[in-house]
Amino acid sequence: MKNLIVLTGAGISAESGLGTFRDSGGLWEKYRVEEVATPEAWEQNRALVTDFYNQRRKQLLTVEPNEAHKILVQLEDFFNVQIITQNVDNLHERAGSSHVLHLHGELNKMRSTGPDAEVFELSPDQYEVCPDDVCPKGYLLRPHIVWFGEAVPEIEPAIQFVQQADIFVVIGTSMQVYPAAGLIHYVKNNVPIYVIDPHEIDHLPLNVTYLQCGAGVGAKQLFALLKN
Ligand code: OAD
């Protein structure tokens with residue numbers, strides 16, 4: 001089976017009801033990145049950062065995977081599908097996707113600030129965490145999120161997946177945040193690239209097939225194109 005590598009961003013979850021970051025009315029209009037999504041913010045105001053992610057987790061409980069998430073699962077019947085997502089929600093997993101790599105971390109996990117950086121999965125009834133929660137070894141727990149200014153540990157495996165792509169698909173990302181936005185440059189020559197987004201994305205390679213529509217409609221079109 002061919003390798004179908006899919007890079008997703010906030011736009012794929014928009015149709016489930018989760019807001020994007022940079023669209024009008026997006027999350028970064030309501031919050032300042034520096035106040036909630038940086039290591040400095042965590043040092044300076046743990047309560048505010050904790051509250052921000054508690055709200056994001058609470059929202060997770062109110063949304064469901066949409067058509068686009070589900071179509072990516074159906075494509076597993078025909079392709080080796082590897083999803084590389086910038087999203088910190090768990091909608092790909094809840095839809096049933098088998099291979100999901102989270103570049104920017106996961107809302108439903110906390111990580112020890114101790115030397116072993118152990119990761120703990122939260123069950124939905126544990127989604128409301130406290131700023132002073134500690135792991136069983138006594139180290140402070142922090143959100144398992146890649147904050148601005150931090151390294152992206154999963155970028156290396158992501159690059160390797162992209163280099164192995166037979167088909168590359170991008171859904172719902174403004175391609176403004178690096179290193180994720182640079183992944184498209186690792187796609188081999190002659191590999192078809194499909195981009196699904198209602199808005200035009202700057203600086204895309206020339207050989208891109210651009211489906212200018214929402215994720216659900218676009219994923220349906222993609223499914224039809226790929227099955228042929
Ligand atoms: P953005 O908010 O930057 O971009 C969202 C993209 O989704 C835009 O290109 C929109 O046009 C598109 N979009 C909107 N509605 C859509 C729909 N119904 N169907 C498909 N696409 C739609 O979000 P990301 O590119 O994901 O990082 O942002 C990247 C990173 O920046 C995030 O992972 C987050 C953020 O700051 C961290 O928090 C570390």
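The legends below describe close-up views of a predicted model.

**Figure 1. Overall fold of the predicted model.**
The secondary structure of the protein comes to nine helices and nine strands. Its C-alpha atoms fill a box of roughly 55 × 35 × 30 Å along the principal axes. The radius of gyration is 18 Å, which agrees with the value near 17 Å that a compact globule of 228 residues would have. Of the 228 residues, 49% are buried. Among contacts with a separation of 6 or more, 64% are between residues 24 or more positions apart.

**Figure 2. The six-stranded parallel sheet.**
Six strands make up an open sheet with parallel pairing, in the order β3-β2-β1-β7-β8-β9. Strands β3 (100–102) and β9 (208–211) are the edges, and each pairs on one side only. From one strand to the next, the twist averages 20°.

**Figure 3. Strand β1 and its two neighbours.**
Strand β1 covers residues 3–8, and five of its six residues are buried, so the strand is largely enclosed by the rest of the structure. Six bridges join β1 to β2 (residues 80–85), and the two strands run parallel. Within this pairing, Leu7 stands opposite Ile84 in β2. Strand β7 (residues 167–171) also runs parallel to β1 and is joined to it by five bridges. In β7, Ile167 is the bridge partner of Leu4, and Ile171 is the bridge partner of Thr8.

Helix α8 lies across β1, β2, β3 and β7. The direction of α8 is at about 140° to β2. Helix α9 (residues 215–227) lies across β1, β7, β8 (193–196) and β9. The direction of α9 is at about 155° to β8.

Three strands form an open sheet in the order β5-β4-β6, with antiparallel pairing. The edge strands are β5 (119–121) and β6, each of which pairs on one side only. The twist averages 45° from one strand to the next. Strand β4 (residues 105–112) is joined to β5 by three bridges, and the two run antiparallel.

**Figure 6**
Phe52 is buried, at 3% relative accessibility, and Tyr53 is buried with a relative accessible area of 5%. The rings of Tyr53 and Trp147 have their centres 6.5 Å apart and their planes at 40°, so that pair is tilted. Tyr53 belongs to helix α5 (residues 46–60) and Trp147 to the loop between β6 (141–145) and α8 (155–163), so the pair ties together parts that are 94 residues apart in sequence. Trp147 is buried too, with a relative accessible area of 2%. Ring pairs link Phe21, Trp28, Tyr31, Trp42, Phe52, Tyr53, Trp147 and Phe148 into a cluster.

**Figure 4. Arginine side chains over rings of the cluster.**
Phe52 and Trp147 both belong to the aromatic cluster. The charged end of Arg56 sits over the ring of Phe52, at 4.6 Å from the ring centre. Over the ring of Trp147 sits the charged end of Arg142, 4.0 Å from the ring centre.

**Figure 5. Gln44 in helix α4.**
Gln44 is placed in helix α4, which covers residues 39–44. With 69% relative accessibility, Gln44 counts as exposed. The C-alpha atoms of Gln44 and Leu206 are separated by 44 Å, and the two residues are 162 residues apart along the chain.

Notes
Residues are numbered from 1 along each chain as its sequence is written. This is a predicted model: local features need pLDDT of at least 70, side-chain atom pairs count only at pLDDT 80 or more; totals for chains, interfaces and linings use all residues. Side-chain values use heavy atoms; hydrogens and water are left out. Buried means under 20% relative accessible area, exposed over 50%, partly exposed in between (1.4 Å probe, protein chains only). Rings of Phe, Tyr and Trp (its six-membered ring) pair if their centres lie within 6.5 Å; planes under 30 degrees apart count as stacked, over 60 as edge-to-face and the rest as tilted. Helices (H or I, at least four residues) and strands (E, at least two) are DSSP runs, numbered from the N terminus. A charge sits over a ring if NZ of Lys or CZ of Arg is within 6 Å of the ring centre and within 35 degrees of the ring normal. Two strands pair if DSSP finds at least two bridges between them. Axes are lines fitted to C-alpha atoms, for helices over the stretch in contact, and angles run from 0 to 180 degrees between N-to-C directions. The radius of gyration is taken over C-alpha atoms; the globule rule is 2.2 Å times the number of residues to the power 0.38. Contact means heavy atoms within 4.5 Å.
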